[in-house]
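Here are my notes from going through this one with you in mind. Keep the structure open while you read, and take the points in order.

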Amino acid sequence: MAAETGTARFVDEYQRERLYRLARSIRHNTKAAVGLGLIIGLVVLAIFSPMLISQEAANQVDIQNRFASPSAEHPFGTDNFGRDMFSRTLLGVRISLYVGLSSVAIASAFGVPLGGLAGYAGGAVDDAVMRTMDVLMSFPPILVAMTITAVIGPTLNNAILALGLVYIPYFARVTRSEAISVSQEEFVEAARALGERDSYVLFREVLPNAAAPIIVQASISISFAILAAAGLSFLGLGAQPPTPSWGLMLQQAKQYLTQAPWMAIFPGLGIAVTVLGFNLFGDGIRDILDPDASTEFGVTDE
Amino acid sequence: MSLTRYAARRLVFLVGTLFGASVITFALVNVLPGDVAVMILGTSGSQEQVEVLRQQLGLNQPVYIRYIDWIAGVLQGDLGRSLRFGDPVATLIAQRFPASAFLAFTALTIAVIVAIPMGIVAAVEQNTWKDFLTSVAAFTGISLPNFFWGMLLILLIARYASLLPPSGYVSPTEDLAGAFAHVLLPAGALGFSLMAHITRMTRSSLIEELRSGYIDLARMKGLTSRRIVLRHALRNAFLPVLTVIGFQLGFLFGGIIIIEQLFAYPGLGRLAFNALLNRDAPLIQGSVLTIAVVFMTSNLVVDLLYAVIDPRVIAGGEG
């Protein structure tokens, strides 16, 4: 036991130091700082907007006032039902973040342990896990997500479930390659030499030290998931009316493009700002972690 | 390992992945909850009607028997018959395939033609306003869904400016000019994010190449900057660009489904989407599998191209 607390303390300190250094670097990296600023702003909006705007008010039909162009009363105009686009767009922040965060939570909950196991165990386990991931990756992600939601029923939560499933391999891949390199570190060897159980070494020492690239992957996957979910809702395979989801708003805007372009522009802007925030943050963190690699948007040239 | 052996290995690997993909495709439609017979008849069907239909469709057999039946047919080019249209699935797919191929190919071409020069300018004139503008354009490109770009193109170019038709398809073998007029808007929308990714990757990998020793050597030999960039650095910078194209193909093929829907473009994506809405199980399986096969084959082509350009990939063995 004494030995265990010894390694554990060392590992904890090592991790804390790394995270501290990462946090300090974010301030000096424009992309990461702007991205983080946007994300924080959106989270604040998501928390407080439902207190200021009620769901009922945002769904209030006012036929007299349909297709009203932006004005002081309706800063973003109104839609084909006369609903206030400003309220609906703001409430969309919450839905968008919910979709992005929960589908990535599902993907990482399965992908990270699987990839960690593959990288740490190696051999046949590695082959079995990674070949399965290859098969899952042999489909365009949105195609599988679409098929799943169409079969099990088009709802927002099913869309989240489907997207979570299709992003598992991306997390498994990143975690695996990181786990392989962390496993060769001396403190992991030390822990094994001291006779720690494999599950302890994997979950307490290997995975926590593989966290940084997983954060990058998560940030970029959130932006992919938000775009994909908007696509699913646009096709009628995600959120259903009258949910104020941006994808759904764009679907409705499609029929009235020339008549009321603001119906498309504001939800589009909402998507752009959210996705940009997570993309910039992920990209910035990656630059900090690996200043030399020529990497772009979740792809490395290795 | 020679290139041929590498290609052969990759091909064997592809066959294995394809087998897995066929299992997943079948499972998506047949193992997930939902009775196909009930879906076809709707709530109006009586218990007997459902039972008769189940019998006809062979739904009462164990799922692995049904998979073996299906895959045996697939291997002989028989994908079954569409429940909705009654036509063979293979025929329906063959009819729609050229339109989608034309769309995807045009999108890819537009993206490459626009993005590579943009990336070169951004790299050569690093940290100038041109570079900054390119970065902003690229980040905007990846931050909006392709269907948003599609709607914007429809609004600006088709509706306001009336330059191109907002929807439809003309076969390039019948009327080449008409075909391009119809494909440009959907292809532009589809290629937007790809363009952004290629631009960024061209920029960053070219910057890296321009810093390396052999470029200094070329400068000392007195080669012009233009020649150095175009003949030497770009060649090596192209590898990461190729990777990004390979990686983005999945998004390109996935994007086809939404874009074809938006532009009422009669391709494979629209066929697959309608099959999903109609619960047309054989057609869903057939079109999903076809898209996966095309996707995997394209990835293989990218990998082989990579190996041809950079023989170190083969020497590395794994991959």
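1. Start with V50(B). Leaving aside the residues within four places of V50(B) in sequence, its contacts are A37(B), V38(B), L41(B) and G45(B). To find V50(B) on screen, look in helix 3 of chain B, which covers residues 47-57.

2. Now try a distance in chain B. V50(B) and I256(B) are separated by 206 residues in sequence, and their C-alpha atoms are 35 Å apart in space.

3. The mean pLDDT of chain B is 86, and 95% of its residues score at least 70. Within chain B, helix 5 (residues 89-124) has the highest confidence, at 93, and helix 13 (residues 312-315) the lowest, at a mean of 68. Where pLDDT is low, the predicted coordinates should not be read in detail. For the model as a whole, ipTM is 0.87 and pTM is 0.88.

4. Over to chain A. How many helices and strands does chain A have? The count is twelve helices and zero strands. The C-alpha trace of chain A spans about 75 × 45 × 35 Å along its principal axes, and 50% of the 302 residues in chain A are buried.

5. Have a look at how chain A folds back on itself in sequence terms. Take the contacts in chain A between residues at least 6 apart in sequence: 71% of them join residues at least 24 apart.

6. Finally, where do the chains meet? In this model, 36 residues of chain A are in contact with 47 residues of chain B. On the chain A side, the elements giving two or more residues are helix 5 (123-136), helix 6 (141-152), helix 10 (211-234), helix 11 (246-254) and helix 12. Helix 6 of chain A supplies the largest share, nine residues. By type, the chain A side that touches chain B has 25 nonpolar, seven polar and four charged residues.

Notes
Residues numbered from 1 in each chain as written. Chains lettered and ligands numbered in written order. Predicted model: local features only at pLDDT ≥ 70, side-chain atom pairs only at ≥ 80, totals over all residues. Helix = DSSP H or I, 4+ residues; strand = E, 2+ residues; numbered from the N terminus. Contact = placed C-beta atoms within 7 Å. pLDDT = per-residue confidence, 0-100. Nonpolar A, V, L, I, M, F, W, Y, C, P; charged D, E, K, R; others polar. Buried ≥ 20, exposed ≤ 12 C-beta atoms within 10 Å, placed from the backbone.
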